[in-house]
Amino acid sequence: MQTIRGFRDILPEHIRLWQKVETLAYELFAAFDYREIRIPVLEKTQLFARSIGEATDIVEKEMYTFEDRNKEKLTLRPEATASICRAYIQHKLYASDPVRKFFMTGPMFRRERPQKGRYRQFYQIDAEVFGIASAFVDCELIFLLNELFTRLGLTCLTAHINSLGCPDCRPAFTQSLLGFLGEKKQDLCDICQRRMTKNPMRILDCKTQTCQEVLAGAPATVDHLCPACEDHFHTVKTTLQKQGVDFFIDKSLVRGLDYYTRTAWEIQTTALGAQSAVAGGGRYDGLVAELGGPDTPAIGFAIGFDRLVEVMEQLEQLPEEPGLDLFIVALEDPAMEMAYHLSCDLNQAGIRTGTDFRGKSLKALMKRADKRNARHVLIAGPSELKDKALILRNMVTREQTTIPMDQLVPALKKILQTT
Ligand code: AMP
């Protein structure tokens, strides 16, 4: 049996970088007063169709959708924002405190063509803020991402930012873009020709060479912002500049989802070939109301966890697993029973202890202790049990001590907790 295409196992041998990122991210989120939320992996299809947008790649062709036994249409979540909005509305979280700052991490599902950095089950680290319209929240999220990547030692990343305007200024921009594309329509790819009627702004995002050529000199959203959006974007840019956060204004960045308004950004790398976006985010001031909640400004980002780890793998060795404090080499049966109880007692006391119940030879078990990176080994064979004294070997200094069996737990606690 094999995993299905685009799905993969992340084995214990590779998990250390994932844990390193999680630990740092959780610390940073807590420091900035974000609170963890956990949401289901399965939702009603309608939630994603309505929020992400019917004419987006995700909804048109990438969702894992099926009919449940009761004929209800369900979808494996392709992203987290829609579900977090649903939770905010469903539990009326706005009623007691409209300002909510969430983070979460977990798997997402999109049926894309698998390649390096692109999987059908992939992981995201998400942050979302509800209830604050100020541009300083946009800055906080971009700063937070920048800080996380800096702490992870990643300097090969660039923030691309853009402003997509709002429902007040978007129509004028769309008209201007359609006017520009008017005679060139037949030179666009088939998908973009359809986008002209369904979602013209997304044409700017097309990676096809011919569309890129057609788009040279196309109008940009940033040149059509209303005074309020202009002001908002100005604050984002000047604040980040003052903080020394590097960014690049990317007029073609529109992101693949319909719900974005005003600031949108992506953190890109050149280290992963075609899959250059390591994180993406944006404001979505209209989404909560559109999904049936109160009018609530909101903004968030998602980090592509798999891609982030792949960038880190290119730059650093896998961090070493913390070794065991003690490995009990138990030879034969009565020693194994003693080793079982002793390892439970010591682990209960917070001393990381391992053992092995296969009845293997001393040589094989010493090898295993070494592999598990044990700092000490306790040898319990038939002769040690007969003498009622076990040998403790420090694997770093090679020193050996004999410990009487009736003092084993207190003596080991004393030695292992101090060395
Ligand atoms: P999005 O929700 O499309 O804005 O994606 C946010 C981030 O998730 C992207 O910048 C990628 O790093 C990551 N991502 C999106 N789709 C995939 C995928 N199929 N496989 C791996 N990572 C992905």
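This is a predicted model: local features need pLDDT of at least 70, side-chain atom pairs count only at pLDDT 80 or more; totals for chains, interfaces and linings use all residues.
Pro410, Lys414, Gln417 and Thr418 are exposed on one side of α16. I then asked myself which residues of α16 are buried. They are Leu408, Ala411, Leu412 and Leu416. These four cover an arc of only 110° around the axis, so they sit on the same side of α16. A reminder to myself: an α-helix has 3.6 residues a turn, so residues three or four places apart point the same way.

**What lies over the buried side**

Next I looked up what covers the buried residues of α16. The cover includes the strands β12, β14, β15 and β16, along with helix α13, which spans 333-348. That sent me to the sheet.

**The five-stranded sheet**

In which order do the strands of this open sheet stand? I read it as β13-β12-β14-β15-β16, with mixed pairing. β13 (353-355) and β16 (400-404) are at the edges with a single partner strand each, so one side of each has no neighbour in the sheet. From one strand to the next, the twist averages 25°.

I picked one pair to follow more carefully. β15, residues 389-394, runs antiparallel to β16, and five bridges join the two. Within this pair I found Leu392, whose bridge partner in β16 is Thr401.

Helix α14 (residues 362-371) touches β12 (326-330), β14 (376-380) and β15, and its direction makes about 165° with that of β12. Helix α16 (residues 408-418) touches β12, β14, β15 and β16, and its direction makes about 145° with that of β16.

**Two positive phi values**

Most residues other than glycine have a negative phi. Lys71, however, has a phi near 75°, which is positive. I located Lys71 in the loop between β3 (65-67) and β4 (73-76). Is Lys71 buried or exposed? It is exposed, because its relative accessible area is 62% and the cut-off is over 50%.

Glu332 also went into my list, as its phi is positive at about 70° and it is not a glycine. I found Glu332 in the loop between β12 and α13.

**Cysteines**

How many disulfides does the structure hold? My count is zero. For Cys139, the nearest cysteine sulfur belongs to Cys229 and is 15 Å away. Cys139 is buried, with a relative accessible area of 3%.

**Arg255**

My last stop was Arg255, in the loop between β8 (247-249) and β9 (261-269). I noted that Arg255 is buried, with a relative accessible area of 13%. I then checked what its side chain meets. Another, of 3.2 Å, joins the side chains of Arg255 and Glu266. Leaving aside neighbours within four places in sequence, the residues in contact with Arg255 include Arg202, Asp205, Trp265 and Gly280.

Methods: Residues are numbered from 1 along each chain as its sequence is written. Side-chain values use heavy atoms; hydrogens and water are left out. Two strands pair if DSSP finds at least two bridges between them. Axes are lines fitted to C-alpha atoms, for helices over the stretch in contact, and angles run from 0 to 180 degrees between N-to-C directions. Contact means heavy atoms within 4.5 Å. Buried means under 20% relative accessible area, exposed over 50%, partly exposed in between (1.4 Å probe, protein chains only). The arc is that of the directions from the helix axis to the C-beta atoms. A disulfide is a pair of cysteine sulfur atoms within 2.5 Å. A polar contact is a pair of N or O atoms within 3.5 Å; within protein, one must be able to donate a hydrogen and the other to accept it, and residues adjacent in sequence count only if both atoms are side-chain atoms.
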